[in-house]
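Colleague: Could you walk me through this model, starting with the overall fold and then going residue by residue?

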Amino acid sequence: MNTTLLIPEKKAVAKLHIPNWLNNCLIGDQNDPHNSLICKSFQFAYSLHEGQYRKSGEPYIAHPVAVAELLRDLGGDSEMIAAGFLHDVVEDTEVTPDEIEALFGANVRQLVEAVTKLSKFNFSSKTERQAENFRRMFVAMAQDIRVIVVKLADRLHNMRTLDFLSPEKQRLIAEETKEIFAPLANRLGIWHFKWELEDLSFKYLNPVAYKNIKELVSERRKDREARIQKITNIINQRLAKLGIHPLELKGRPKHLYGIYHKMEQQNKEFEQIYDMAGIRIILNNKDECYRALAVVHDAFRPIPGRFKDYIGLPKPNLYQSLHTTVVNSNGRPLEIQIRTLEMHHIAEYGIAAHWKYKEAGNSNNTNLSSDEEKFTWLRQLLDWQKDLQDAQEYVDNLKENLFDDDVYAFTPKGEVIPLTRGATVVDFAYRIHTEVGNHMKGARINGKWSPLDQSIHNGDIVEIVTSNNSHPSLDWLNFVVTPSAKNRIRQWYKRSHREENIARGRELLEKELGKNGLESLLKSDTMQKVAQKCNFIKVDDLLASLGYGEVTCMQIINRLREENKLQHPEKTEEKPLGETPLLATPTKTNKEINGNKYPICGIEGLMYHIAGCCRPLPGENIIGVVTNVRGISIHHHDCPNLTTIPGERLIPVKWNGCDQKSRNATYPVDIVIETIDRVGILRDILGRLTDQNINVSNAGVKTDFGKPALISLTIDVQDSQQYQYVINQIKNMSDVLNIRRISEVSSISHS
């Protein structure tokens, strides 16, 4: 396409509101690289979006201009502002990423492409898709933090113009904004984005409450301003006596959602919320901040436990300030914030603030590695992606923990360790190092011995005591809160029970493939290649993973089939190593497909029943046994009870897989699930089964202190394929250690 850049005609531009900064850029020095990139990107976007209109009826280019202006106000560099102008062109026009790179450089292309991908993510979809979208978003953030800032600006302007969409879309977008983008703005420290996103979400999610609070705040505005003015005069006079002259000293109202949230959280009426406004004091340096704090505490009575020093201990989002809550002359609590001018810029603009003060030549230094100290929370979140395989657990941990305020504890040497709120000393130990957690014997908090499930508070000094003979307990999983600690404990359990898991894996393969040829198969090059394709170095690693439940027999069998086809492409119907019917491709006869109305072929017209000892499922290899009283008994072909049956009583049978009546029938299967003994695990498993429309006809739990819980279930399934799918769903749950199928004669006991 034609990529010639033309300055829009003045008549056309007159229809669009052009901010002064952009107008000055258009008529300014075009040799300035900063001006040149911004002007070129605006002109390019203008020409591409010409003739396009928003739901409101305004020209579409008004949206990119508004996004670019928000980014400029944050102090974004020219590449960010250019990405603001261009963030919709790949999705809404025929321009390609290659053309963007040719005109504006690789960095702008990467920003535009990343924001375009983020726009396609649906964070309210099914759990698996939702989790994957979260993972991709945070990987994009780690590569260039500017990506999410551009996306936040895009979302903020869309929220400002949400009136023109349908009520259903308004609620969906508002819900996503409240749950995802407002907390992200908070994590990045972009405060004025955060409060506006929350207020706008509140407006569409609860319009009645929003309107009521807005009216009540407006009605009490004069009284509130008079009260705040009186207090600021007192503080100003006292500061002046010490020669301290604030750069700013004024009241600040709480945003509407903040008031509503406090009412809901504390179960109070509007009239009972006293601190609907606070006072902000901006000073020249840290020394003046602490001196001003002393003045405030001398003038008004401080409320115990409501003082926080974020100057000495900044938040992960770079925020610094002194917070104190005092009781004013009217007996009402009042929050006062004290900070320097630079701290104030960081409080308002967060991560974007340090771009404003960057030295020349460092504008591209925005990846995670250059800001490791400032983005520990993002690094931790990327670690979660490796640790948590279960999609639901990942999403739950993300929403519950990522957006909470952190707590800060200290090692005895004074190193600061940020932790999720509610974290225990075990979480602390694993945060220091995996081996520290694995050999933890005990802990002291502030010099006193502490229980291992003790939660850590801000400022605690934590000392971990280790011993070579100590090791993790599965009971720890009941109280640790960080995903990384949970995963390290599970990994230790897997390693410590490696031989048991290998034996269990062999047993499972033996049941599927039979004993004949199994040992030679396990030692073959074919099996080694299968192990490598499953991301394991050795066959024993694969067997241990099978025994633990990370991979399934069907996954291994499918890999064996694939490998056999690669080695013998001309003999795809032959049995591979192990000589098992399960590895051969099954074929159906015309009789099976067209005429047999019985669920089992070979016993037409005869009385039969499914054997209770092995309970075979449609799709599994079966054999019939002639009984004296109950007709034909249908067994799994590997049923151990068949070894005592004379050969003349055995008859060949098979499932009629195409009979519609048999498809609608269900068959009971007994399973035992070995799982971490924690509160709610049975409920979670039953919920997963309910999601799959699986009936549970019997359930039981056995527990023993310090050992995994054993949950026995009888589930009703239609065939072996549905059974395997259900088992895989349960195995993917992070607290499930193992699953095995049992018969009526099997016993359940702790080993």
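Modeller: Gladly! The protein chain has 32 helices and 21 strands, where helices (H or I, at least four residues) and strands (E, at least two) are DSSP runs, numbered from the N terminus. This is a predicted model, in which local features need pLDDT of at least 70 and side-chain atom pairs count only at pLDDT 80 or more, while totals for chains, interfaces and linings use all residues. Residues are numbered from 1 along each chain as its sequence is written, and side-chain values use heavy atoms, with hydrogens and water left out.

Colleague: What percentage of the 751 residues in the protein chain is buried?

Modeller: Buried means under 20% relative accessible area, exposed over 50%, and partly exposed in between (1.4 Å probe, protein chains only). Of the 751 residues in the protein chain, the buried share is 49%.

Colleague: And which share of the contacts with a separation of 6 or more joins residues 24 or more positions apart?

Modeller: A contact here means heavy atoms within 4.5 Å. Among contacts in the protein chain with a separation of 6 or more, residues 24 or more positions apart account for 66%.

Colleague: Which residues touch the most other members of the largest nonpolar core?

Modeller: A nonpolar core is a set of buried Ala, Val, Leu, Ile, Met, Phe, Trp, Tyr and Cys residues joined through side-chain atoms within 4.5 Å. The largest one has 59 residues. Leaving aside neighbours within four places in sequence, the contacts of phenylalanine 85 include Trp21, Leu22, Ile38 and Phe42. The residues that touch the most other core members are Phe85, Leu86 and Phe193.

Colleague: How do α12 and α15 lie relative to each other?

Modeller: Two packed helices are described by the angle between their axes and the distance between the axes. Axes are lines fitted to C-alpha atoms, for helices over the stretch in contact, and angles run from 0 to 180 degrees between N-to-C directions. Helix α12 (residues 191-205) and helix α15 (residues 256-266) pack at about 65 degrees, with their axes 8 Å apart. Angles under 35 degrees count as roughly parallel, over 145 as roughly antiparallel, 65 to 115 as roughly perpendicular and the rest as oblique, so α12 is to α15 roughly perpendicular.

Colleague: What classes of residue make up the contact of α12 with α15?

Modeller: Glu198, Asp199 and Phe202 in α12 meet Leu256, Tyr257 and Tyr260 in α15. Ala, Val, Leu, Ile, Met, Phe, Trp, Tyr, Cys and Pro count as nonpolar, Asp, Glu, Lys and Arg as charged, and the others, Gly among them, as polar. By class, the contact of α12 with α15 has four nonpolar, no polar and two charged residues.

Colleague: How many disulfides does the structure hold?

Modeller: A disulfide is taken as a pair of cysteine sulfur atoms within 2.5 Å. Cysteine 639 is in no disulfide, and the nearest cysteine sulfur, that of cysteine 613, is 3.5 Å away. The number of disulfides in the structure is zero.

Colleague: Is cysteine 39 buried or exposed?

Modeller: Cysteine 39 is found in helix α3 (residues 33-49). Its C-alpha atom is separated by 8.5 Å from that of alanine 82, 43 residues apart along the chain. With a relative accessible area of 0%, cysteine 39 is buried.

Colleague: Which residues does aspartate 154 contact, leaving aside its neighbours within four places in sequence?

Modeller: Aspartate 154 lies in helix α10 (residues 146-160) and counts as buried at 4% relative accessibility. Aspartate 154 and valine 67 are 87 residues apart in sequence and 5.6 Å apart in space, C-alpha to C-alpha. Leaving aside those sequence neighbours, the contacts of aspartate 154 are His63, Val67, His87 and Ser119.

Colleague: Where is asparagine 446 found?

Modeller: Most residues other than glycine have a negative phi. Phi of asparagine 446 is near 55 degrees, a positive value, and asparagine 446 is partly exposed, with a relative accessible area of 46%. Asparagine 446 is found in the loop between β9 (440-445) and β10 (448-450).
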